[in-house]
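Trainee: Please take one part of this structure and go through it closely. Then link it to the rest, with the numbers.

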Amino acid sequence: MASLKPSAYRAENAQPVWCPGCGDYGALSALYQAMATLELDPQKVVLVSGIGCSGRLPYFVKAYAFHGVHGRALPIAMGIKAANPELTVIVVGGDGDGIGIGGGHLPHIARKNVDVTYLMLDNSIYGLTKGQSSPTTPISQITPSAPYGVKEPPLDPVLLTLAHGASYVARGFTAYAQELANTIREGILHKGFSFLHVLSPCPTFNKDVTFDLYKQTLQPLPDGYSTENRANAIAIAAEQGTLYRGLFYREQRPAHHELLQIAREQVRQPEPASLNALLTRYC
């Protein structure tokens with residue numbers, strides 16, 4: 001296949017419908033760029049999403065797509081990859097879809113090391129339903145569902161995914177599109193589950209968590225930081241007072257579809273099945 005430009009991955013009959021200034025535009029642009037850099041064949045790419053503003057993203061990409069129900073994108077993606085390991089499978093969802101309604105699926109796709117790339121576009125709010133608190137809404141923030149301020153501490157998607165055993169964990173910011181495109185590209189190339197926590201502010205329904213806030217507080221991981229130690233990755237992700245971006249952890253281990261293939265080989269009979277042998281075994 002000839003090299004493609006990022007614009008070649010734009011869907012022909014669908015234009016983004018997000019609010020002006022939405023961070024998801026930056027994520028979409030970075031995804032186009034990453035796909036073009038890898039020269040992915042659109043006919044061998046599947047994007048999967050759940051419900052939410054970010055769940056619309058697959059409509060705007062020239063590739064196959066599956067828009068499932070809320071919080072169920074990860075098991076759908078796992079089934080697609082198990083059925084056809086040759087496909088590049090990319091999941092897109094928000095913080096509510098990923099660690100709220102669909103939070104029960106994240107631990108298992110991470111520990112199984114399913115070879116899909118998961119972009120969690122985090123705006124710290126339920127934007128599509130006009131601004132209710134999500135699992136990543138900061139404590140004390142006032143929202144329509146928490147008029148006296150959120151009382152619970154927020155969940156940290158990076159910490160959660162590291163603890164669940166993911167083999168690739170990174171954080172990016174939609175305002176830094178080139179850096180985010182590089183991170184997405186590396187995540188797609190990674191053999192196994194790659195989790196990208198993407199900070200994607202909502203200018204309409206979240207006036208507290210903004211682009212300016214992240215530009216002032218978000219820091220690159222320190223020079224010399226090693227990406228090979230999970231305990232260190234958890235420690236730095238949990239560091240109070242500093243929010244880091246970059247690749248926290250990467251580990252090489254067999255992917256889920258490879259282990260499935262080994263299991264299939266183990267159950268194959270070297271010779272035609274023998275009824276007598278089977279009866280002898282169990283009788």
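**K112 and beyond**

Mentor: Start with K112: leaving aside neighbours within four places in sequence, K112 is in contact with M78, A255 and H256. Keep in mind that this is a predicted model. K112 belongs to helix 4, which covers residues 106-112. Now take D95, 17 residues from K112 along the chain. The C-alpha atoms of K112 and D95 are 21 Å apart.

How many cavities of 30 Å³ or more does a search of the whole structure find? The count is 1. The largest cavity has a volume of about 30 Å³. Its lining consists of G71, R72, A73, L74, D97, G98, G102 and Y118. Two elements give two or more residues each to that lining: helix 2 (73-83) and helix 3 (95-101). By class, the lining of the largest cavity holds 3 nonpolar, 3 polar and 2 charged residues.

The largest pocket comes next. Its volume is about 670 Å³. The lining of the largest pocket has 27 residues, and P154, L155, D156, R171 and L243 lie nearest the centre. Several elements supply at least two lining residues each: helix 5 (157-163), strand 6 (194-199), helix 7, helix 8 (230-237) and strand 8 (243-250). Helix 7 gives the largest share, with 3 residues. By class, the lining of this pocket counts 16 nonpolar, 7 polar and 4 charged residues.

A search of the whole structure finds 7 aromatic pairs. One of them joins F173 and Y176 edge-to-face, at 5.1 Å centre to centre and 85 degrees between the planes. F173 counts as buried because its relative accessible area is 1%. Y176 has 26% relative accessibility, so Y176 counts as partly exposed. F173 also pairs edge-to-face with Y214, with centres 5.5 Å apart and planes at 70 degrees. Step back to the cluster: F173, Y176, F211 and Y214 form one aromatic cluster.

Last, the cysteines. A disulfide is a covalent bond between the sulfur atoms of two cysteines. A search of the whole structure finds 0 disulfides. The cut-off for a disulfide is 2.5 Å between sulfur atoms. C22 has 14% relative accessibility, so C22 counts as buried. C202 is in no disulfide either. For C202, the nearest cysteine sulfur is that of C19, 6.2 Å away. C202 counts as buried too, because its relative accessibility is 10%.

Terms used:
Residues are numbered from 1 along each chain as its sequence is written. This is a predicted model: local features need pLDDT of at least 70, side-chain atom pairs count only at pLDDT 80 or more; totals for chains, interfaces and linings use all residues. Side-chain values use heavy atoms; hydrogens and water are left out. Helices (H or I, at least four residues) and strands (E, at least two) are DSSP runs, numbered from the N terminus. Contact means heavy atoms within 4.5 Å. On a 1 Å grid over the protein atoms alone, a cavity is a set of points where a 1.4 Å probe fits but cannot get out, and a pocket is an open set with protein on both sides within 12 Å along at least five of seven lines; lining residues have an atom within 4 Å of a point. Grid points are joined across faces, edges and corners, and a volume is the space filled by probe spheres set on the points. Ala, Val, Leu, Ile, Met, Phe, Trp, Tyr, Cys and Pro count as nonpolar, Asp, Glu, Lys and Arg as charged, and the others, Gly among them, as polar. Buried means under 20% relative accessible area, exposed over 50%, partly exposed in between (1.4 Å probe, protein chains only). Rings of Phe, Tyr and Trp (its six-membered ring) pair if their centres lie within 6.5 Å; planes under 30 degrees apart count as stacked, over 60 as edge-to-face and the rest as tilted.
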